[in-house]
Amino acid sequence: MTRKLYELVGADPTRRFSPFCWRSCLALAHKGLDFETVPWRFGETERLAFAHHDKVPVLVDGERVASDSWAIAEYLEANYPDRPALFGGALATMRFVSAWADGINPALVRLIVSDIPAVLGAAEQDYFRSSREKRFGMPLEAVTADREQRLPAFRALLQPLRATLAAQPYLGGTTPDYGDYMVFGSFQWARCVSPFRLLATDDPVHAWRERMLDLYGGMARLVPAFPH
């Protein structure tokens, strides 16, 4: 049986860049479960009709389907309890980390959004630019125009993460758990779509990101990305 994970990709189908898809990729790897990536691009909502969902990630596991990264994590915990635990027995804490991780994305997207069209195909570029410029009410280049000046404020948002990682190698403690995957997904998104450097090399968050990139045979490091 081949598990399939529908993932957002760019013009290059190996450039998998959705932060939420990366959460699911790493969750599957954490469980030691093989899966096949199914490339999916912006605008291909009809391809997900079978899942009654319009966004990725979508996991197909035999006859069972799970949509949304959090639901996929819960599905994996419930259906593969004999494999390493994702939540470490602290589901309530994981919900907090999920909310915090989702909370940094609005600040992050304002630093990288103008770089995303360059990694998309022509049809996806038009869709992405028009939909995001409508959302922001301005050209994408205007959204990121002052990003160097806003970078210190973004880095300040990471202080809870930084303080934790100064004391232990992962959010999960000595080994990573789903909390690490949720937060890392955002940094992997940025790394895959933008050359803009978010982290100073002496930041504990940078060292943690390097450790995350090396997990599971370098799964995240091997995809096309910008040098950060």
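The reply below begins with the sheet and then moves on to helices and aromatic rings.

Reply: This is a predicted model, in which local features need a pLDDT of at least 70 and side-chain atom pairs count only at pLDDT 80 or more, while totals for chains, interfaces and linings use all residues. Residues are numbered from 1 along each chain as its sequence is written, and side-chain values use heavy atoms, with hydrogens and water left out.

The sheet is open and has 4 strands in the order S2-S1-S3-S4, with mixed pairing. Helices (H or I, at least four residues) and strands (E, at least two) are DSSP runs, numbered from the N terminus, and two strands pair if DSSP finds at least two bridges between them. At the edges are strand S2 (36-40) and strand S4 (64-67), each of which pairs on one side only. From one strand to the next, the twist averages 20 degrees; for such angles, axes are lines fitted to C-alpha atoms, for helices over the stretch in contact, and the angles run from 0 to 180 degrees between N-to-C directions.

Strand S1 (residues 4-8) and strand S3 (residues 58-61) run antiparallel and are joined by 3 bridges, and Leu5 has Leu59 in S3 as its bridge partner. Helix H1 (residues 19-30) packs on the sheet, where it touches S1 and S3, and its direction makes about 150 degrees with that of S1. Helix H2 (residues 69-79) lies across S1, S3 and S4, and runs at about 140 degrees to S4. Contact here means heavy atoms within 4.5 Å.

Rings of Phe, Tyr and Trp (its six-membered ring) pair if their centres lie within 6.5 Å, and planes under 30 degrees apart count as stacked, over 60 as edge-to-face and the rest as tilted. The rings of Phe17 and Phe42 have centres 6.3 Å apart and planes at 55 degrees, so this pair is tilted. Phe17 is in the loop between S1 and H1 and Phe42 in the loop between S2 and S3, 25 residues apart, and the pair thus links distant parts of the chain. Buried means under 20% relative accessible area, exposed over 50% and partly exposed in between (1.4 Å probe, protein chains only); Phe17, at 3%, counts as buried, and Phe42, at 14%, is buried too.

In the pair of Trp70 and Phe87, the ring centres are 5.3 Å apart and the planes at 15 degrees, so the pair is stacked. Because Trp70 lies in helix H2 and Phe87 in the loop between H2 and helix H3 (91-112), the pair ties together parts that are 17 residues apart in sequence. Trp70 counts as buried at 15% relative accessibility, and Phe87 is buried at 8%. Trp70 and Phe87 form one aromatic cluster with Tyr178, Tyr181 and Tyr216.

Helix H2 also contains Glu77, which is buried with a relative accessible area of 19%. A polar atom of the Glu77 side chain lies 3.0 Å from the backbone nitrogen of Leu86.

Terms used: Polar contact = N/O pair within 3.5 Å; in protein donor to acceptor, adjacent residues only side chain to side chain.
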